Amino acid sequence: MWPRIDGLRVLELGTPGKLRTWLTDLTLSGTKRATAGLLPLDYEAEGEELEQIGERLVLVDSSGERAGEIEITRVELTPFAEVTWEFAQAEGEGYSSTEDWRETHRRYWAEQGYEVSHNTTVVCLWYRVVSRAGESPNRDPAPPT
């Protein structure tokens, strides 16, 4: 089970250190509006349920402290080879193409000990920031997308 803070599941982007700091900063600035996980690695192996639209998650920094809160706005299960340019752009990490996205993610997951195939299911999470550390979470419904 994923850790919880204040009853909400926790979202940890990337691995602790420079990568997590960079991804968290991109999220808090609004540049990063999506993230990818692998169904077999991040959900099935951990016995974790998929996020649901409208679910709130606590975004944490490298030390495990609350950096903000996000709300899930879209969840898509997509074969690795079919992840779209729209999603790659929403990740906000400066990819030049979907192939660039695939190579970067293939390398990242290989470093985590998992080899992806064209058919590996990617969980594409889209989200919006509802608060940053020290702010009270915005309880207004998500704006139309």
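**View 1. Leu38 in strand E3 of the predicted model.** Leu38 lies in strand E3, which spans residues 34-38. Strands (E, at least two residues) and helices (H or I, at least four) are DSSP runs numbered from the N terminus. The model is predicted: local features need pLDDT of at least 70, side-chain atom pairs count only at pLDDT 80 or more, and totals for chains, interfaces and linings use all residues. Residues are numbered from 1 along each chain as its sequence is written, and side-chain values use heavy atoms, without hydrogens and water.

**View 2. Surroundings of Leu38.** With a relative accessibility of 0%, Leu38 counts as buried (under 20% relative accessible area, with exposed over 50% and partly exposed in between; 1.4 Å probe, protein chains only). Beyond its neighbours within four places in sequence, Leu38 has contacts that include Tyr43, Trp109 and Tyr114 (contact means heavy atoms within 4.5 Å). Val116, Thr120, Thr121 and Val122 are also among its contacts.

**View 3. Leu38 and Thr120.** These two residues are 82 residues apart along the chain, and their C-alpha atoms are separated by 7.4 Å. In the protein chain, 68% of the contacts with a separation of 6 or more are between residues 24 or more positions apart.

**View 4. The chain around these residues.** Four helices and six strands make up the secondary structure elements of the protein chain, in the sequence order β-β-α-β-α-β-β-α-α-β. Of its 145 residues, 40% count as buried. The C-alpha atoms of the protein chain fill a box of roughly 40 × 30 × 30 Å along the principal axes.
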